[in-house]
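Subject: Handover of a structure and findings

Dear colleague,

Please find the structure below, together with its sequence. I would be grateful if you read the notes that follow with both in view.

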Amino acid sequence: MSKEKDNITYDVVKEKLVTYIEEEDKLEFIEKAYLFAKKKHQGQYRKSGEEYITHPLNVALILTSIYADYETVSAGLLHDVLEDCDCTEEEMKNEFGEVVVKLVQGVTKLGKINFSTENEYLIDYYKKIIVGMSEDVRVIIIKLADRLHNMRTLWATPPEKQKIKSREALEILAPIAHHLGIHKIKSELEDLALRYLKPDVFYDIAEKLNKTKLERDRTVFEMQKEVVNLLNEHDIVHEIKGRAKSIYSIYNKLDKGKKFSDIYDLLALRILVNTEQECYLALGIIHSKFRPLPKRFKDYIAMPKPNMYQSLHTTVFGIDGYLFEIQIRTYEMDEVAENGIASHWSYKENRGSNSAANLQSTTEQKLQFFKSIIDLSKEKMSSEEFVNSVKDEVLNNNIYVFTPKGDVMELPIGSTPIDFAYRIHTKVGETTTGAIVNNSIVPLNYELKNNDIVRIITNKSSTPSKEWVNIVKTTQAKNKIKAFFTKNEREIYIERGKYNLEKELRKRKLVFSEFFSEANIKKICEAIKVDNLEEIYLSAGNGKTSPNSIINVIDKIKTVAAPKIVKVAPKDLDTDIIVSGIDKVKVNLANCCNPVFGDDIIGYITKGNGISVHRSNCHNLAMLDNRTVEVKWNNNGTKRYITSLLIHSKTLDNHMLDLIQIISMINVSVDGIKTINRGNEMSYEANIYVTGLEQLQKLILAIEKQNYISSVERLIR
Ligand code: MN
């Protein structure tokens, strides 16, 4: 954080590099990148007054602190050259090769954010980060180092810009560093951001920490001595690190209503051992001497956090009655805890020639964060929806819940068992009938809490309910549920189309299998512009093309009846209605109650859209003010009117095809039917075209006669 440290030379970077890069050629490569960047930035200065090259040098130094590979460090040195200097991609490629240029390009792209509104800006930003991450996660790591150094020198920036940059660091970059597990960068970004966003709070906490430092240090030292003795008695080779809490994490706890004096993990120890077994051993030994605080023990070794973090956490009553938070983990786990994804570089066992590829594949395989983003990007969403989902579901406060086997699942706050089920597998989601959370049965709209153990009850023959769309929190579940219903409607249309075609073919005494020969299918596809037989069925089923006109493509000889479906153009409707006292006025039939010829109707004078005609019992009229006008049907009604029925059945069996048949027997055309599953009964919403009230009533009677139907009502939205 100090201003002096920023003005470093290449030697400082090199000193760090040689501790972990042995190959001469790689070291030379990095040095060449440094000299190239230095030459290109010649004559440029930072706002802080220093030569520009100090910035790339510091970025490189930050990268060495997480043991970045030579390509990443080189790209770190070169990261501002393409944008700010006279240097083409071609030139850089000739000097440093494709990989480094790609990394630099990636970082440059991330910096070029166009924004007109804050929202567009964020959307653009997230998209670029996400794209960058899926192409080469090293781009994001360089960006994090770049931003960290810029935050360290933020004092040289005008105050308004300080706030903007700090918010960005806190809301976008720190969460990304967290998800990549790069704790070092994450917590420094947070502390720096807090310093500019809430300086009062920041300095207040810093001061309190300072005041209590002596006392805390003495207590920690005493406790440490006891623990060392204890572990030595049991021959556990270990190392103990004191541990400083970040100011931001203290701020977070204070913000949640805790008192400064109550934040017990201010006193903290971290114990490092060689093996996983020794972690548990050490824990047992410590618990046998120091009484653990109930419910504070967490086993992140058996159940790692989604960002790969592993450790044992416990809080014990230590010496002098002070509470101590103790973390116990192996050296390797410690590397992952500090450097996350970058531990591929930092942990010596992992350093190999293929570390870049390993880094990328670990990102893709192990980080649930990344998987969620990829899952989201597969859903059909606008980029705004996509980015909001990423923000809500991936970056923001999430909860951790467990499967009965102990696998941890990260979900957005407000998630339900249905979200959980869909996260496991689409099939599990679709067949969910109930959920057990921590041994008790909960309703499906139960809001999951941190550490809940969730078991999903499924039934092979069960299907989702449309209501679920309003219950679930995750976009993934929402889209899967919607997809289930659209897919189902499609299947129904296909079935119906095939059925109608069979019927027509029988009438014409044609054999179905002969008629749909490969050659004929091809001709029909060309004629009605579809791709395959299934789509021919679909087209016949959803009313796009009538079965007869499909058959006529091949079998033209016979004349047939006109297709049933009559499209009603709304603008033609006005002649059907007589408005008392006014003529030649634009009239629309309201689509909330869909009046049909013969209904009792009332007109409502809209603002600028003529008169809208409602059924007199439409509840929407009650909400409208006094601008109603008397209207009457014109007696020459020859058109068809669209209206909607809500049909309730007594069972969960699907009677859709049956209903379609009944409807078509009355000579009514169907625009669409959807099912609404309400727990123990199935309802159908049918949109139909009728000639008038008389035909509609006939239809309602015919449906009500079926023994599986409980009631039929006209829908008013
Ligand atoms: Mn930069």
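In which helix is the place of threonine 72? Threonine 72 is in helix H4; helices here are DSSP runs of H or I with at least four residues, strands are runs of E with at least two, and both are numbered from the N terminus.

Before going further, please note that this is a predicted model, in which local features need pLDDT of at least 70 and side-chain atom pairs count only at pLDDT 80 or more, while totals for chains, interfaces and linings use all residues. Residues are numbered from 1 along each chain as its sequence is written, and side-chain values use heavy atoms, with hydrogens and water left out.

The chain as a whole

The protein chain has 29 helices and 19 strands. Of its 717 residues, 51% count as buried; buried means under 20% relative accessible area, exposed means over 50%, and partly exposed lies in between, with a 1.4 Å probe and protein chains only. Among contacts between residues at least 6 apart in sequence, 67% join residues at least 24 apart, a contact being heavy atoms within 4.5 Å.

Threonine 72 is buried, its relative accessible area being 0%. Leaving out residues up to four places away in sequence, threonine 72 touches Leu63, Leu103, Arg138, Ile142 and Trp345.

With a relative accessible area of 16%, glutamate 71 is buried. Under the exclusion of residues up to four places away in sequence, glutamate 71 touches Val99, Val100, Leu103 and Arg138.

How do two packed helices come to be described? The angle between their axes and the distance between the axes are used. Helix H2 (residues 24–40) and helix H4 (residues 70–78) pack at about 5°, with axes 8 Å apart; the axes are lines fitted to C-alpha atoms over the stretch in contact, and angles run from 0 to 180 degrees between N-to-C directions. H2 and H4 are therefore roughly parallel to each other, a term for angles under 35 degrees, whereas over 145 is roughly antiparallel, 65 to 115 roughly perpendicular and the rest oblique.

On the H2 side the residues are Lys26, Phe29, Ile30, Ala33, Tyr34, Phe36 and Ala37, and they meet Tyr70, Val73, Ser74, Leu77 and Leu78 in H4. By class, this contact of H2 with H4 has ten nonpolar, one polar and one charged residues. Ala, Val, Leu, Ile, Met, Phe, Trp, Tyr, Cys and Pro count as nonpolar, Asp, Glu, Lys and Arg as charged, and the others, Gly among them, as polar.

The manganese ion

Which protein residues are donors of the manganese ion? They are His55 (NE2), His79 (NE2), Asp80 (OD) and Asp146 (OD), lying 2.1 to 2.5 Å from the ion. Donors are N, O and S atoms within 2.8 Å of the metal (3.2 Å for Na, K and Ca), and sites may look incomplete, water not being among the atoms. Along the chain, the donors follow the spacing H-x23-H-D-x65-D. Histidine 79 and aspartate 80 are both buried.

Salt bridges

A search of the whole structure finds 26 salt bridges, each a side-chain nitrogen of Lys or Arg within 4 Å of a carboxyl oxygen of Asp or Glu.

Aspartate 146, one of the manganese donors, meets lysine 143 in a salt bridge of 3.7 Å, N to O. The two are three residues apart in helix H8 (residues 137–152), and about one helical turn therefore separates them. Aspartate 146 is buried at 7% relative accessibility, and lysine 143 is buried with a relative accessible area of 7%.

Aspartate 217 and lysine 213 form a salt bridge at 2.8 Å, N to O. Both lie in helix H11 (residues 199–233), four residues apart, about one turn of the helix. Aspartate 217 is partly exposed at 38%, and lysine 213 is partly exposed at 42%.

Arginine 270 pairs with aspartate 334, the closest N and O atoms being 3.9 Å apart. Arginine 270 lies in strand S2 (residues 268–273) and aspartate 334 in helix H14 (residues 331–339), so the pair ties together parts that are 64 residues apart in sequence. Both residues, arginine 270 and aspartate 334, are buried. A network of salt bridges links Lys241, Arg270, Arg329, Asp334 and Glu338.

With kind regards
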